[in-house]
Amino acid sequence: MTKNLVIVESPAKAKTIEGFLGKDYTVKSSFGHVMDLNKTKISVDIENDFEPKYEISPDKKKIVSELKKLAKAAETVWLASDEDREGEAISWHLFNALGLKEESSKRIVFHEITKGAIKNAIKNPRSIDKHLVDAQQARRVLDRLVGYELSPLLWRKVKPGLSAGRVQSVAVRLIVEREKDIENFKSTSNFRLRGEFTVEGNGKVFFADYPVRFKNREEASKFLENQADATFSVAHVETKPGKKSPAPPFTTSTLQQEASRKLGFSVANTMRVAQRLYESGKISYMRTDSVNLSKTALAMAKEEIINSFGEEYSKTRNFSTTTKGAQEAHEAIRPTYFSNDSVNGASDEQRLYSLIWKRAIASQMSEAKLEKTTISIASTKAKDNFIANGEVIKFDGFLKVYIESTDDEDAEQEGVLPATNKGDSLNLLEMRARERFTKHLPRFTEASLVKKLEELGIGRPSTYAPTISTIQKREYVVKESRPPIKKEIVLLTLKDGKVKSETLSENMNSEKAKLFPTDIGILVTEFLVKNFDDVLEYSFTAGVEKEFDDISEGKKEWNEMIKEFYGPFHSKIETTREESGKFSGERLLGTDPESGKNVFVKIGRYGPLAQIGDTDSEEKPKFAGLRKGQSLQTITLEEALKLFDFPRSIGEYEGKEVSVAIGRFGPYVKHDGKFVSIKKDDDPASIGLERCIELIEDKRLVEKNKTIKSFKDGEVLVLNGRYGPYLTINKVNFKIPKDVVPADLTLEECIKISEDPKNMPKKRYVKRKK
């Protein structure tokens, strides 16, 4: 008989904890939530205080059955899921699914998986916090209601198959609005001057900038010409001490941001790696918005700093959280043992752990002491002084371990300046006036989007990663890099008393791993903002998060909060359904020179398309799908008309025509009734016959290796698929029963399998050719 059963949510966590507890404890995993709302129904009783109808998830029935047996045999069941709201909800669902009793079950929490933390949790159990459960339930129910009411409306008004989410739609809106700001941005240029000087008798070169910007080339050139016979001297030298303080230890959002900047990790990957580090006992809990460190952690950090760097590098700090709704009872992300500056494991685990260790250690180290110097340089032919700034590190402090990154793409580092005194004469080596163009706000990266969501109070540590993953999976947003735009700029150089002009080519607006809205993302956002502007308002979404916080603290009833939201929201759904027309984002590009008909681009049933002719005209319009990389917002009339050059006849192969066309899923080659996708590197407008034949033969080779058996000239095939062998008859797929050996099948047996309803494709009408 098991004396104590400990249930956690992941096998890795179970394995680590089991090593800390004795033979009287059995540790098992629930593999996440065991109960959830039904995926095919709304599962919320709107008429009965919005009560959710949870059920045991189909893939968890076996796990629940095994846990029930173990729980029945145990004296005490310890529910040890994570300490956040979702973890509390997991424990609550386990309590209900396993039919546990309060007197024989206990809830324990810990923010790190160490022997001491686990033992302490066992000594200090508590009951399930229903307020935390209610807060999580409110989020789940609200998101289910929004999704289930908005999505069918999008199917009807915009395009079938779309979906909307409360937080995800707001995140997409941020990206769409940034893109529109960029499209509307008008870049202007000015000339910035920088002089290169040396002190007489001292060969050290340093740079100084002129504070005035010149509007055009003529003004800049005139200024440089005036400086040709000017003399320069030090007007003023100011030296003052400065200091830099370390950043707080990581919260979830700052870890996601810094891992993106320093390691190139996506937000989702950061959380996956952090989860592994936590479950293996290497770091504290990774979903937190607190910057606090416990007294034990502070003591460990101090000891490690003194041992490794010396007493003068240690300075204990207590940081305060400024994030909206932060839970100060939690602790920042930190190493469980500060004496371990590295860990064994996969490369990404080692790199992320090193980042966490350095940030946490640096937060408890002394400030860096600097000496900041400003030199003002007077010119006999200029009204304003040139300014040179520099700094010297006198004591590195925390910089010995860690330097925080920034999202500022144009940040410049200040250098060291030579020793000078007021009145010193300076030699001008050269002076440059470089044309600079103003830049639009940068597009969001995953990291900067997390930062913006946090600033606005939208979402919480547990929601950032799934939100960003979801909007990409739904193809409302794409993450990609785009090459820079070449821009010609003017550079004026004064040297040896003469001004020289040259035109240079400069790369501008390089985009690396940025988030771009897709046409469908833009269209859905426009529809939602037009009809549900209050739901997509940033302050409203942040206010909802505050209400979740109030529920978690017992200050508000969760179903009252849902009721206040649902009434007006549902009314607006009904009004939009009745009064709003089809929303396709249609844009008139011009007229087709051949037919004189209008040319439009819009979102159709299968995505963005171009259309020649009006929809309500007697003659049926022509349609052509947009190619990858083309957008409704930027495509030109000429580009749209080229889409109608397809299908292109390329030539013949094996006596059959080879053609290229663009379909719903992109460009493809058609030959002998079969279709072959064209690779991303191939241009369908210029691809030749030789390359098409290569693609045809490549596909044949793949299909040959995939085929187990073939009957009736390929009409009946037994194939190896991604999930195992299957049967296809006239391009309709059927399951092969587990007790059947695919290689032994005859044609008659294949037909028999296809006639059994158990093997037919689910949830769709199957029409087979005879």
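User: Which residues does Ser580 touch, not counting residues up to four places away in sequence?
Analyst: Ser580 touches Lys157, Phe527, Asn531 and Thr575, where a contact means heavy atoms within 4.5 Å. This is a predicted model, in which local features need pLDDT of at least 70 and side-chain atom pairs count only at pLDDT 80 or more, while totals for chains, interfaces and linings use all residues. Residues are numbered from 1 along each chain as its sequence is written, and side-chain values use heavy atoms, with hydrogens and water left out.

User: Is Ser580 buried or exposed?
Analyst: Ser580 has a relative accessible area of 16%, so it is buried; the word buried stands for under 20% relative accessible area, exposed for over 50%, and partly exposed for what lies in between, with a 1.4 Å probe and protein chains only. Ser580 sits in the loop between helix H16 (558-579) and strand S19 (587-591). Helices (H or I, at least four residues) and strands (E, at least two) are DSSP runs numbered from the N terminus.

User: OK, zooming out, how many helices and strands does the protein have?
Analyst: There are 19 helices and 30 strands in the protein. Its C-alpha atoms fill a box of roughly 100 × 85 × 55 Å along the principal axes, and 47% of its 770 residues count as buried. Among contacts in the protein with a separation of 6 or more, 69% are between residues 24 or more positions apart.

User: Which residues touch the most other members of the largest nonpolar core?
Analyst: That core has 134 residues, and those touching the most other members are Phe110, Ile283, Leu352, Leu449, Leu528, Phe569 and Val669. Helix H5 (residues 130-157) gives the largest share of this core, with 9 residues. A second, separate core holds 26 residues, including Leu193, Phe214, Ala382 and Leu494. By nonpolar core I mean a set of buried Ala, Val, Leu, Ile, Met, Phe, Trp, Tyr and Cys residues joined through side-chain atoms within 4.5 Å.

User: And what is Leu449 in contact with, leaving aside its neighbours within four places in sequence?
Analyst: Leu449 is in contact with Ala171, Leu174, Ile175, Phe444, Ile468, Ile471 and Leu515. Of these, Ile468 and Ile471 belong to the buried residues of H13, along with Tyr464, Ala465, Thr467 and Thr470.

User: What covers the buried residues of H13?
Analyst: The cover includes H6, helix H8 (252-263), H9, helix H12 (446-456) and strand S15 (477-482). After H13 comes Glu475, with a positive phi near 65 degrees.

User: At what angle do helix H9 and helix H13 cross?
Analyst: The axes of H9 (residues 267-279) and H13 (residues 464-473) cross at roughly 140 degrees and come within 8 Å, which means that H9 is oblique to H13. Axes here are lines fitted to C-alpha atoms, for helices over the stretch in contact, with angles from 0 to 180 degrees between N-to-C directions. Angles under 35 degrees count as roughly parallel, over 145 as roughly antiparallel, 65 to 115 as roughly perpendicular, and the rest as oblique.

User: Which residues meet there?
Analyst: From H9, Val267, Ala268 and Met271 meet Tyr464, Ala465, Ile468 and Ser469 of H13. By class, this contact has 6 nonpolar, 1 polar and no charged residues, with Ala, Val, Leu, Ile, Met, Phe, Trp, Tyr, Cys and Pro taken as nonpolar, Asp, Glu, Lys and Arg as charged, and the others, Gly among them, as polar.

User: New topic: which peptide bond is cis?
Analyst: The bond from Phe646 to Pro647 is cis, with omega near 0 degrees, and Pro647 lies in the loop between helix H17 (637-642) and strand S23 (648-653). Most residues other than glycine have a negative phi, and most peptide bonds are trans.

User: Where is Asp496 placed?
Analyst: Asp496 is in the loop between strand S16 (485-495) and strand S17 (498-508), and its phi is positive, about 55 degrees, although it is not a glycine. Asp496 is exposed, with a relative accessible area of 72%.
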